[in-house]
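Here are my notes for a colleague who is opening this entry for the first time. Please keep the sequence and the 3D view side by side while reading.

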Amino acid sequence: SASTIRSRNNNANMLVIVAKDNTTYVKANEKMQEERDKQIHSENRLKQKQQELIAKHEELNNLFKKVAIANRERQKIMDSVGDMIILTDHEGVIKRVNKAVKEFTRKSDKDILDTNWEELIYEHELEATTLYAGSTELFHRPTHKWYELSSYPFEDVDLDFSGNVITIHETTEIKKITEELEKSGRKINENMIKLQSAHNQISVLMQNVTNQTDTSIRLSNFN
């Protein structure tokens with residue numbers, strides 16, 4: 001910087017020049033500006049990341065909502081089926097059941113899920129009586145009802161999950177009708193045998209009568 005100094009009589013002037021090294025000050029300002037720019041850049045990046053996280057969070061929420069809706073729809077479909085349906089993993093641990101299972105066992109999901117399905121069946125007195133190709137006949141002694149158990153293995157590669165879908169269908173009425181038909185069939189066979197026996201007896205009697213008639217005729221002709 002420079003300044004002029006005048007004498008008292010204004011005859012002489014003096015120019016005083018003061019030089020100051022402000023390199024440090026300039027560098028400090030540049031450093032502060034650089035730090036400020038970095039801070040603004042970081043804040044912008046942070047806002048961008050926050051926006052990305054919010055967008056991903058909303059995307060996940062939407063996905064979870066879709067999965068929840070799909071699960072509810074799947075559960076409604078399962079509950080609409082009158083048969084008992086049990087979904088297990090490959091170790092036989094129950095992962096899902098329908099309404100019919102909960103009504104039969106009088107238990108909630110909390111008490112049923114993550115238990116072994118065979119133990120659940122045994123606990124509620126469903127006894128295996130006859131093994132068929134692909135199914136097992138069960139008898140429920142407390143109610144004297146009959147059921148048919150079928151198991152269908154499945155594997156989902158995408159979910160890395162495998163297990164079985166077990167269905168239990170009541171067959172009491174069908175079994176009663178079948179037993180009645182079997183009884184009727186046996187009675188028909190018995191009656192057929194009786195009719196055949198009676199027919200045979202009548203045939204023998206008729207043959208005897210015919211023989212006696214022929215003998216009488218021959219004796220009459222001889223006399």
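How many helices and strands does the protein chain have? The protein chain has 5 helices and 8 strands. Helices (H or I, at least four residues) and strands (E, at least two) are DSSP runs, numbered from the N terminus.

1. Ground rules. This is a predicted model, where local features need pLDDT of at least 70, side-chain atom pairs count only at pLDDT 80 or more, and totals for chains, interfaces and linings use all residues. Residues are numbered from 1 along each chain as its sequence is written, and side-chain values use heavy atoms, with hydrogens and water left out.

2. Overall layout. Along the sequence, the pattern reads β-β-α-β-β-α-α-α-β-β-β-β-α. The chain has 223 residues, and 17% of them are buried. Buried means under 20% relative accessible area, exposed over 50%, and partly exposed in between (1.4 Å probe, protein chains only).

3. Surface and contacts. The accessible surface is about 18200 Å², with 55% of it from carbon and sulfur atoms. These areas come from the Shrake-Rupley method with a 1.4 Å probe; for residues, only the protein chains shown count as cover. Among contacts with a separation of 6 or more, 25% join residues 24 or more positions apart. A contact means heavy atoms within 4.5 Å.

4. The sheet. Find the open sheet of 6 strands, with the order β4-β3-β8-β7-β6-β5 and antiparallel pairing. Two strands pair if DSSP finds at least two bridges between them. The edge strands are β4 (94-97) and β5 (126-132), and each pairs on one side only. From one strand to the next, the twist averages 25°.

5. Strand β3. What joins β3 (residues 84-89) to β4? There are 3 bridges, and the two strands run antiparallel. Another 6 bridges join β3 to β8 (residues 161-170), again antiparallel. T88 shows both links: its bridge partner is I94 in β4 and N164 in β8. Cover is clear too: 5 of the 6 residues in β3 are buried.

6. The hairpin. β3 and β4 form a hairpin with 4 residues between them. In the turn, G92 has a positive phi of about 85°.

7. Axes are lines fitted to C-alpha atoms, for helices over the stretch in contact, and angles run from 0 to 180 degrees between N-to-C directions.

8. Aromatic pairs. The structure holds 3 of them. Rings of Phe, Tyr and Trp (its six-membered ring) pair if their centres lie within 6.5 Å; planes under 30 degrees apart count as stacked, over 60 as edge-to-face and the rest as tilted. One of the pairs is F104 with Y147: the centres are 5.9 Å apart and the planes at 75°, so it is edge-to-face. F104 lies in helix α2 (residues 99-105) and Y147 in strand β7 (residues 145-156), so the pair ties together parts that are 43 residues apart in sequence. F104 is partly exposed at 22%, while Y147 is buried at 7%.

9. A second pair. Why is the pair of F154 and F161 tilted? The ring centres are 5.8 Å apart and the planes stand at 40°, so the pair counts as tilted. F154 is partly exposed at 28%, and F161 is partly exposed at 26%.

10. A charge over a ring. The charged end of K175 sits over the ring of W146, 4.3 Å from its centre. The test asks for NZ of Lys or CZ of Arg within 6 Å of the ring centre and within 35 degrees of the ring normal.
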